[in-house]
Amino acid sequence: MAKLLIVEDDESVRTLAARALERDGHNVTVATDGAQGLDLIRQARGGYDLVVSDIRMPEMDGIEMATAAAREFPAMRIMLMTGYADQRERAEELNGIILDVVQKPFTLAEIRARVGKALSCFA
């Protein structure tokens, strides 16, 4: 299926999302913050089918990572996650860069459906 990158500093959310998406047959790589995520994106030369990232993280947040990744890899598809309303508003500045913003907490079924929808837009 798809090659995905999950960027999330909360280990329980990262593990939950990765396992759910692996069960759908996706090849999932994980990163613990935006800086590590951007490094992995660069190493893969933008070769992920979808990056799913938290917005609020230490060192480099998801918006900074998304902006840098999109600048280097304009075709990069990015979905953000957040549990904070003010962070969701910040993500609106990235129209054209991000596909969707998933509200946390989410269910396994919801993250699987949202990722599936994002991927099907480009199938």
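Q: Which residues of α2 and α3 meet each other?
A: This is a predicted model, and in it Gly 34, Gly 37, Leu 38, Ile 41 and Arg 42 of α2 touch Met 65, Ala 68, Ala 69 and Glu 72 of α3.

Q: And how does that contact split by class, nonpolar, polar and charged?
A: The contact of α2 with α3 has five nonpolar residues, two polar and two charged.

Q: What about the geometry, at what angle do the axes of α2 and α3 cross?
A: Roughly 15°, and the axes of α2 (residues 34–43) and α3 (residues 62–72) come within 9 Å. With an angle under 35 degrees counting as roughly parallel, α2 and α3 are therefore roughly parallel to each other.

Q: Left-handed or right-handed, that crossing of α2 and α3?
A: α2 passes α3 in a right-handed crossing.

Q: OK, other pair. How do α1 and α5 pack?
A: Helix α1 (residues 11–23) and helix α5 (residues 108–120) make an angle of about 60°, and their axes are 9 Å apart. That makes α1 and α5 oblique to each other, and their crossing is right-handed.

Q: Which side chains are we talking about in α1 and α5?
A: From α1, the contact uses Leu 16, Ala 20, Leu 21 and Arg 23. From α5, it uses Leu 108, Ile 111, Arg 112 and Val 115. By class, the contact of α1 with α5 has six nonpolar residues, no polar ones and two charged.

Q: Switching to the sheet: what's the strand order?
A: β2-β1-β3-β4-β5, five strands in an open sheet with parallel pairing. The edges are β2 (27–31) and β5 (98–103), each pairing on one side only. The twist averages 20° from one strand to the next.

Q: How many bridges join β1 to β2?
A: Five, and β1 (residues 3–7) runs parallel to β2. Lys 3 stands opposite Asn 27 in β2.

Q: Where does α1 touch the sheet?
A: α1 packs on it at β1 and β2, and the direction of α1 makes about 170° with that of β2.

Q: Zooming out, what pattern does the protein follow along the sequence?
A: β-α-β-α-β-α-β-α-β-α, with five helices and five strands in the protein.

Q: And how compact is the protein for its length?
A: As compact as a globular protein of that length, because the radius of gyration is 13 Å, close to the 14 Å that the globule rule gives for 123 residues. The C-alpha trace spans about 30 × 30 × 25 Å along its principal axes.

Conventions: Residues are numbered from 1 along each chain as its sequence is written. This is a predicted model: local features need pLDDT of at least 70, side-chain atom pairs count only at pLDDT 80 or more; totals for chains, interfaces and linings use all residues. Side-chain values use heavy atoms; hydrogens and water are left out. Axes are lines fitted to C-alpha atoms, for helices over the stretch in contact, and angles run from 0 to 180 degrees between N-to-C directions. Helices (H or I, at least four residues) and strands (E, at least two) are DSSP runs, numbered from the N terminus. Angles under 35 degrees count as roughly parallel, over 145 as roughly antiparallel, 65 to 115 as roughly perpendicular and the rest as oblique. A crossing is left-handed if the near helix is turned anticlockwise from the far one by less than a right angle, and right-handed if clockwise. Contact means heavy atoms within 4.5 Å. Ala, Val, Leu, Ile, Met, Phe, Trp, Tyr, Cys and Pro count as nonpolar, Asp, Glu, Lys and Arg as charged, and the others, Gly among them, as polar. Two strands pair if DSSP finds at least two bridges between them. The radius of gyration is taken over C-alpha atoms; the globule rule is 2.2 Å times the number of residues to the power 0.38.
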